[in-house]
Amino acid sequence: MAFLCSSLPSSSSIAIFGDPNTDGSSRSYLSIPSLKLRFRPVAASSHICAPAIDKSTFVISESVSEDELWAAACLRVRTFNELNPSAYNIQDHRRYLAEREFEALKERTSGKREGFTRVACINATLPLSQLSSSFEDLCSACKFSDGIEDRVVVGSLDLNQCRWLPDEIAGTKPEGIGVDFARAYLSNVCVAKELHRNGVGYKLIDKSKRVAGEWGITDMYVHVTVDNEAAKSLYMKSGFEQETAEPAWQARYLNRPQRLLLWLALPTSPIMSM
């Protein structure tokens with residue numbers, strides 16, 4: 001998990017935080033025997049100087065097009081995997097990973113993934129004109145057209161409402177049988193390293209809270225690795241609290257970094273309380 005990142009048992013954190021994905025894929029460590037590549041978690045903090053960005057040009061919204069979903073998938077591959085640029089056929093393999101994430105994203109957001117009630121891919125985007133002269137790699141990988149102008153996905157997350165969730169994902173709130181519909185889980189939270197310290201993570205989480213409230217969600221969860229201080233700070237400042245800590249032995253057994261489960265109670269709208 002990098003600067004910020006989190007995931008469903010199939011994804012991960014803003015890059016940011018990162019974990020395994022609910023679609024069965026894994027972002028932190030993958031080994032392709034034929035290519036002999038090893039994926040390493042992105043550093044938990046970045047020292048890249050943040051560019052001067054006109055923050056009024058940020059748009060934080062649910063993805064509405066396949067072009068935007070593709071750009072988001074490319075950002076996730078770029079964020080959650082550190083690939084050796086000199087490795088053989090690396091561009092083809094990067095595209096393979098993006099295609100895999102893209103297909104999984106389409107399946108989840110279209111309501112075709114079993115076990116999911118609904119999934120929203122929420123992205124932070126900027127006009128290409130804000131970035132093109134500064135970040136060629138980011139712009140070429142994560143660009144899309146919204147029908148009016150070319151934009152770049154610079155942050156992304158999934159808001160997941162599931163028909164059921166294992167305890168390690170859902171936590172204990174709200175209590176009772178049949179309350180999974182009132183829970184939501186954040187996954188694949190990521191921000192392009194070039195845009196750290198521009199408030200993108202906070203904007204994404206704020207938008208996810210508003211969308212979750214519209215869905216009738218009362219309790220939101222997210223995982224973060226214990227040593228990801230930037231991610232923990234972001235979530236805590238966004239209102240999350242620690243609910244549980246994964247036992248160290250379990251993390252070792254599953255061959256992953258030890259994680260914390262964070263919980264947020266969303267305010268009840270007047271309509272919901274009537």
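A salt bridge is a side-chain nitrogen of Lys or Arg within 4 Å of a carboxyl oxygen of Asp or Glu. The views below come from a predicted model.

**View 1. Arg76, Glu101, Arg108 and Asp158 are linked in a network of salt bridges.** Side chains of opposite charge can pair when their charged atoms come close. The count of salt bridges comes to 14.

**View 2. A salt bridge joins Arg78 and Asp137.** The closest N and O atoms are 2.8 Å apart. Arg78 lies in helix H1 and Asp137 in helix H3 (residues 136–142), so the pair ties together parts that are 59 residues apart in sequence. Arg78 is buried, because its relative accessible area of 14% is under 20%. Asp137 is partly exposed, at 48% relative accessibility.

**View 3. Arg256 forms a salt bridge with Glu246.** Here the closest N and O atoms are 2.5 Å apart. Arg256 sits in the loop between H7 and strand E12 (259–265), and Glu246 in the loop between strand E11 (241–245) and H7. The pair therefore ties together parts that are 10 residues apart in sequence. Arg256 is buried, with a relative accessible area of 18%. Glu246 is buried too, at 8%.

**View 4. The largest nonpolar core has 57 residues.** Helix H1 (residues 66–80) gives the largest share of this core, 8 residues. Among the residues with the most contacts inside the core are Leu131, Leu138, Val154 and Tyr235. Leaving aside neighbours within four places in sequence, Val154 is in contact with residues including Phe58, Leu75, Cys190 and Val200. In soluble globular proteins, nonpolar side chains tend to be buried together.

**View 5. Tyr235 lies in helix H6.** The UniProt annotation "active site" covers Tyr235. Is this residue buried or exposed? Tyr235 is buried, with a relative accessible area of 0%.

**View 6. Val226 lies in the loop between strand E10 (219–225) and helix H6 (229–237).** Val226 is partly exposed, with a relative accessible area of 27%. Val226 and Pro257 are 31 residues apart in sequence. In space, their C-alpha atoms are 7.7 Å apart. Not counting residues up to four places away in sequence, Val226 touches Lys232, Gln258, Arg259 and Leu260.

**View 7. Trp249, Tyr253 and Leu254 form a nonpolar patch on the surface.** Together they have about 410 Å² of accessible area. Trp249 is found in helix H7 (residues 248–253). Trp249 counts as exposed, because its relative accessible area of 54% is over 50%.

Key
Residues are numbered from 1 along each chain as its sequence is written. This is a predicted model: local features need pLDDT of at least 70, side-chain atom pairs count only at pLDDT 80 or more; totals for chains, interfaces and linings use all residues. Side-chain values use heavy atoms; hydrogens and water are left out. A nonpolar core is a set of buried Ala, Val, Leu, Ile, Met, Phe, Trp, Tyr and Cys residues joined through side-chain atoms within 4.5 Å. Buried means under 20% relative accessible area, exposed over 50%, partly exposed in between (1.4 Å probe, protein chains only). Helices (H or I, at least four residues) and strands (E, at least two) are DSSP runs, numbered from the N terminus. Contact means heavy atoms within 4.5 Å. UniProt positions are given in the numbering used here, feature names are shortened, and annotations may be inferred rather than shown by experiment. Patches are made of residues with over 30% relative accessible area and no salt bridge: like charges are joined within 9 Å, nonpolar side chains (Val, Leu, Ile, Met, Phe, Trp, Tyr) within 5 Å. Accessible areas come from the Shrake-Rupley method with a 1.4 Å probe; for residues, only the protein chains shown count as cover.
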